[in-house]
Every structure is written in structure tokens, then in C-alpha cells.
Amino acid sequence: MSAADTGRRTSRTGYLLLLPGLLWLVVFFLVPTIQLAATSLYDPSGSLDSGYAMTWSFSNYWDALSTFRAPFLRSLLYAAVATVLALVLAYPLAYAIAFKAGRWKNLMLVLVIAPFFTSFLVRTLAWKSILSDNGFVATTLQVLHILGPGGRLLATSVAVVTGLTYNFLPFMVLPLYASLEKIDLRLIEASSDLYADALTSFRKVTLPLSMPGLVAGTLLTFIPAAGDYINAELLGTPRQYMIGNVIDNLFLVQLDYPAAAACSVVLMAAIVVMVLVYVRRAGTEELV
Amino acid sequence: MPDLDRDPVPGHAGADLTLTSVTKRFGSFTAVDDLDLVVEQGRFFALLGPSGCGKTTTLRMVAGLEEPTRGTITIAGKDISRLKPYKRPVNTVFQSYALFPHLDIFENVAFGLRRRGVKDVAGQVGRMLELVELGGFGKRRPGQLSGGQQQRVALARALINRPQVLLLDEPLGALDLKLRRQMQIELKRIQTEVGITFVHVTHDQEEAMTMADTIAVMNHGVIEQLGSPGELYDSPATTFVSNFLGQSNLVKAEVVGRDAQDVLVDAHGSRLAAPAVRARRTSGTVWAGVRPEKVHLTGGAGGDGSAPGPGANHLTGGTVSDVSFIGVSTQYLVRMPWGQELTVFEQNSGARDSFRVGDRVDLRWTSEHTFLLDADQDAHAGDESYAALTEGAAT
Ligand SMILES: Nc1ncnc2c1ncn2[C@@H]1O[C@H](COP(=O)(O)OP(=O)(O)OP(=O)(O)O)[C@@H](O)[C@H]1O
Ligand SMILES: [Mg+2]
């Protein structure tokens, strides 16, 4: 058998291996996405009963953006704040697990993952009672006069952002841990041998080498947080509603499919653009 | 160098590196045991010893990456034992290179200069890269270089800081033989050019002998002997040094007297002489040693009758048990009447007779090449091929 034959055969095997995944993507991602984009351009005066006509109504986008600008911006803001908070909490934690935990390392990793053993919904409901008006957090803060008398935690932006931070923290910790753990400690020694004190070694060696984990962690936190609606639903009020709540409401309560689809597409596009800009800048180390 | 001005004897002691009673314990294990050492400024100093003898630990204590359990380390009279690594006038070429993978070659080399806020970084880095013959490589990442090139970057990155002492931890360990020899010559050239004290750790005795002015032979956390390569080779102080640095034949002997500058011994019935200056013991039982290339073989037909001439040592009644041709020389193993096998290297100059397995031979050498060692020491200490053999037999 000639080399060309074997070459052709291995490449055919490659395509065969790709096939199930490709089919899955076409059926469950590509087709729905096209359907979603199409829906967003339907005639807004249609309804489920009377049916929708494709009228290429780009004005749906304008309407969605102007009507729901507040929840839109709120989503991006909450997600950004939650991502920063998660990063601030996760970096020292991941650092400690990677470098200082010794034989407790595996236990600590299990503890980071442990919340996944219960459902997202249940954990968020638990926060509802933690932050409740008579809960110990609120009363303690009142005693300390950080919270005014009758001041609330629940049903505020603080509660929603806290919930988002908590729920997506493991997605920040794990990639950070993975990239920190890979760092060769001899590089830190080399840096201290070359006149860098501990802080400089961190800035010039540890942090840049953990950038892949930092980028992955922030994306894995920001993207789902921006689209989340459970936290705002359970811990907030309509004044804290995010774009996820709006889409949920439009699709399932108002049954305004074109507006819901337009909001979804705008959210998706916004996230894709932001991620592309972010990854490109992280790649050139401008972020450090 | 401002430190020189403070030196009590300017220009003499210079920036000597001294270790005084330095000990390092890991738990109950003593890796470095009460080490005393002076490395003079500008020397190419080799720390030679088998794996696990404490070379890296010693170097790391000088660099500040490991804290001595006891003892002091000074450079130019200044105690640095408790200084942080980044405050020491010392740089290290790591065994693993430890180049920063996220920085290009230029930034790797510039790292130390930038931390100290030195001006003219570009000029200095450029010149340093020229010195290690990596002129056009500044923009590459460490992963895009060969092992030998990475090694030179590691050297440049340390050397550019002009430390008072440069520490090199087996920097050539990962290179193949040819590149290794080439880099040895290059390192030696660079050291002569910059005049910085080099402390070079290696377990390759040939590398230590070709490069260093002074060698310290280390074993089990202590220094067995310190001196120039010639001194160590010609007058080893211990059986370990005699076997680790080259090879030696060690024959059990009894001291029987003195004759002018020589110590006379009796080895299995033969009278041998050794210069008193090379005798580590002058009474009782000793090891009489001679290097294999110092010994000549002669046909043993005459047997025991022929008395040795003056200044010559003579062991008779050997039988050739193995011959290996190595090109420039032939290596003979000769079994002696008392059962011991001695090694002889004969130059293949054409002037010498050649022998075959089973031939009867006598061994002759000039008595000044004989050294005497303490017979309490293990004759096989430091003999790597023997250690390998016995280990092989044990498993
Ligand atoms: N951090 C440590 N903890 C415990 N023991 C150690 C530690 N570092 C070194 N040792 C032990 O100290 C001894 C000396 O180690 P060292 O690394 O100095 O050897 P070396 O002479 O450099 O050997 P090699 O030629 O193999 O590099 C070894 O037996 C080693 O196991
Ligand atoms: Mg070592």
C-alpha cells in the first residue's frame, strides 16, 4: 500500500471521528442559532396564534435596545463586578492551594468543587436565607452600623452580585489553580537570584505565567454571569433584573418572540465582541 | 566595586568567597557537614563529587536559596549568610537553565539589569549576546532554542550582572559530549575574559580537570581534598580522590623503613619506594597506589630474580587476564599472585611490546609516581565502575 493511500485513509478516519460532534453542533447549535436570528427579524405585530411573517424588521433591534437598555447595561455591570470580585477571592485561594497547601491540596480542591454536588437553584435559595432580613449577616451588619436600621441585603444589587460571585467562583478558581500549579518554582528562584524581591517576582514571573488561567477564569465567570437570571430572580427585585430575566419574561410570559430573539442576539453579539477584544489584548500582555 | 575599598587588605583578599563551618541539615540528614572553604577572587573553582554529595546544596546556600543550619558565608569579608538572594552579589546558572518562558531572549538577559534600574540595557544585552555568540537571537523565545543555545542564554543572563561570584550548577549536564567539550572551552574563555570568580559544580572529573584552577573534591557533605588538578591527580589524599579523579591501583603494603626522601614499603613480598611527600601515612599498613598509565609491562620470563633498578618499583608474577584496545592506548588487566587485578594503560606508540591474555608479565614504574594512603580507607571508595559492578551483583 502506498503512503498516499494510508494518508488518505487516516484523513478520512479523522473526518469520521469529527462527524458525531459536527452533527450535534449543526442540529443543536447552528440550526437554533439561525432560527433565533431569523425570529429576531420577524414582524413584531405577529403572535403565536396568528403566526409570524418574516419581514426583515431590523427595527426589532432598535426597539429592544431602547426599551431594555437598563437591564442590558446592568447585566454587563453586575457580571463585570462579580468577575472582578471572584478574581480577587480566587487568586489568593488558587495560589495557596497550588503553592502552600502541601498535603491538604486535594482536600481543598474537593472543597472548591463540592458546591456542584447540589443544584444551582438550591444554592441560590440558600443565599436567600443567608441574606434574609432577619438573617445573621444582615443583623450583624446592622449592629456594626454598616447597614442602617431597617436596611436590607436581600432584594438589592449587593445580593445579586454576591450570588453571582458565589455561584461562579469555582469556574475562576480551577483554571487559575491549573495554571499556577504548572509554574516551575525554579523560575521564581531564578528571578530572586536576579535581584527581584518577592513582589517583583510575582509581578514579572508568577502573574504573567498564570495569565492563561486568569483569562480562562474570567471568561468562564463573565459569560455565564452576564446571561444569568436565577440570581436576580431569587435574590433581587425587578429593579435588579438582568437581561436574562427580560428574555425569560419575553419568551415565556409575554410570548413576544421577535423581541426576545433580538435581545438574545444582541447579548450574544456583545459578549462575542467583548471576549474577542479581551483575548486579543491578553495575548499581547497589555493587561499585565 | 565599592566593597573592595572596605577590605582590610586591598587587592589581596579581594572578593574572596569564604565558607566557615557551614552545615546544612534536612531533618536528621546532614547534606553539608561543617564545610570550610576559601575561593580566591578570579578563580575558576570546581566543586566535584558524586551525585547526592551536597554540591547543589552548597551552591544554593551561597546563592541564598537555602539557609545554612550553621556557619557563615562571606564575600569580600562581608557576611552574606542571612541576606535574601536578591541582595547578594552572586548570580547562578541553573542546572535546568530556568529561563523565563514568557520572555524573549533579550528580556531574559535584561532581567537582572532592569530590576536594578541599570541604564543602557539594550547596549549591554547586545554585547553580552555577542559574547555568547547569540547575536541575532534576541527576539526568540527560550523554547525556540537548542539546548546548547539555552545554556548560553542562562550564562549570559547571569554574567551580564557582573556578580562578584558566578555559580554554575552542572550547566553542561544536559549537553551531548561534543557540545559539552565545545562549551567547556567557551566557558573557560569567557571566564578568562571577564575575570569573575566562577564556582562550577560538576560530577564529571574530566570537566573539572580541564577547566578549573582549583578543584575541591566533595563526598558525603565534606571536602576530601582541595588543590590544583595536578596536585589532586598526582598526590591524592584519600582513596576516594584516587579513584574518583582518574583511576588508581591500590596495593596493600606494610611500611618497613625510610631511605632518604622515600618511604619504603613491602607489598606482598616486593619492596616498593614512594616519595615521603606523597605519603599520607608513614607507618603501619598502607595502600601503595600508582596510576595505570604510569605502569609499564615487561615480559615476566625472568621472574622474581631480577632486582629493581634504583628509582624503580617492580611487581612480579602477574598474568594478563584481559586486553582491551582503546585506540591511543591498550588497557590490560593483570592478575597478581595474591589474586588482585591491577590495571595498566600502555600507549600504542609502537615502542612497547604487546601482550595477550595468559602472558606472564611484570609491572614496573618510577618510584616517584607512587603514593601511600591510609589503609583504613575503603580501596574502592569513589570507584564508580566498582560501585556499578557490586550494585549489579546485589540486584
Ligand atoms: N530539600 C531537601 N530536603 C531533603 N533532603 C534534601 C533536600 N535537598 C537535598 N537533599 C539531600 O541532600 C543531599 C545532597 O543533595 P544535593 O542536591 O546537594 O546533591 P548534589 O551533590 O548536587 O547531587 P547531584 O550531582 O545529583 O546534583 C542529597 O542526599 C539529597 O537527597
Ligand atoms: Mg546537584
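Which side chain meets that of Arg82(B) in a salt bridge? The partner is Glu67(B), with a distance of 3.6 Å from N to O; a salt bridge is taken here as a side-chain nitrogen of Lys or Arg within 4 Å of a carboxyl oxygen of Asp or Glu. The pair links distant parts of the chain, 15 residues apart. Arg82(B) sits in the loop between strand S5 (78-79) and S6 of chain B, and Glu67(B) in the loop between H2 and strand S4 (70-75) of chain B. Arg82(B) counts as exposed, at 53% relative accessibility; the classes are buried (under 20% relative accessible area), exposed (over 50%) and partly exposed (in between), with a 1.4 Å probe and protein chains only.

The model is predicted, so local features need pLDDT of at least 70 and side-chain atom pairs count only at pLDDT 80 or more, whereas totals for chains, interfaces and linings use all residues. Residues are numbered from 1 along each chain as its sequence is written, chains are lettered from A and ligands numbered from 1 in the order in which they are written, and side-chain values use heavy atoms, with hydrogens and water left out.

Chain B contains 10 helices and 20 strands. Helices (H or I, at least four residues) and strands (E, at least two) are DSSP runs, numbered from the N terminus. Along the principal axes, the C-alpha atoms of chain B fill a box of roughly 80 × 45 × 45 Å. Of its 395 residues, 51% count as buried.

Over all chains, the whole structure holds 19 salt bridges. One of them joins Asp204(B) and Arg180(B), whose closest N and O atoms are 3.2 Å apart. Arg189(B) counts as partly exposed, at 32% relative accessibility. Elsewhere, Glu189(A), Arg60(B) and Glu66(B) are joined into one network by salt bridges that share partners.

Arg291(B) is a buried residue without a salt bridge. The nearest side chain of opposite charge is that of Glu293(B), 5.6 Å away; Lys and Arg count as positive and Asp and Glu as negative, while His and the chain ends are not counted. The side chain of Arg291(B) instead reaches the backbone oxygen of Tyr233(B) at 3.0 Å. Arg291(B) is located in the loop between strand S14 (285-290) and strand S15 (296-299) of chain B.

Ligand 1 is surrounded by 13 residues, the closest being Ser51(B), Gly52(B), Lys55(B), Thr56(B) and Thr57(B); a residue is near a molecule if one of its heavy atoms lies within 4 Å of it. By class, this shell has five nonpolar, six polar and two charged residues. Ala, Val, Leu, Ile, Met, Phe, Trp, Tyr, Cys and Pro count as nonpolar, Asp, Glu, Lys and Arg as charged, and the others, Gly among them, as polar. Strand S2 (29-39) and helix H2 (55-63) of chain B each supply at least two residues of the shell, and H2(B) gives the largest share, three residues. An N or O atom in the side chain of Ser51(B) is 2.5 Å from an oxygen atom of ligand 1. The corresponding distance is 2.7 Å for the side chain of Lys55(B), and a backbone N or O atom of Gly52(B) lies 2.7 Å from an oxygen atom of ligand 1. The protein covers 61% of the 640 Å² of accessible area that ligand 1 has on its own, with areas from the Shrake-Rupley method and a 1.4 Å probe.

In Ala98(B), phi is about 50°. Ala98(B) belongs to the loop between strand S6 (90-93) and helix H3 (105-115) of chain B and counts as buried, at 5% relative accessibility.

Definitions and conventions
A polar contact is a pair of N or O atoms within 3.5 Å; within protein, one must be able to donate a hydrogen and the other to accept it, and residues adjacent in sequence count only if both atoms are side-chain atoms.
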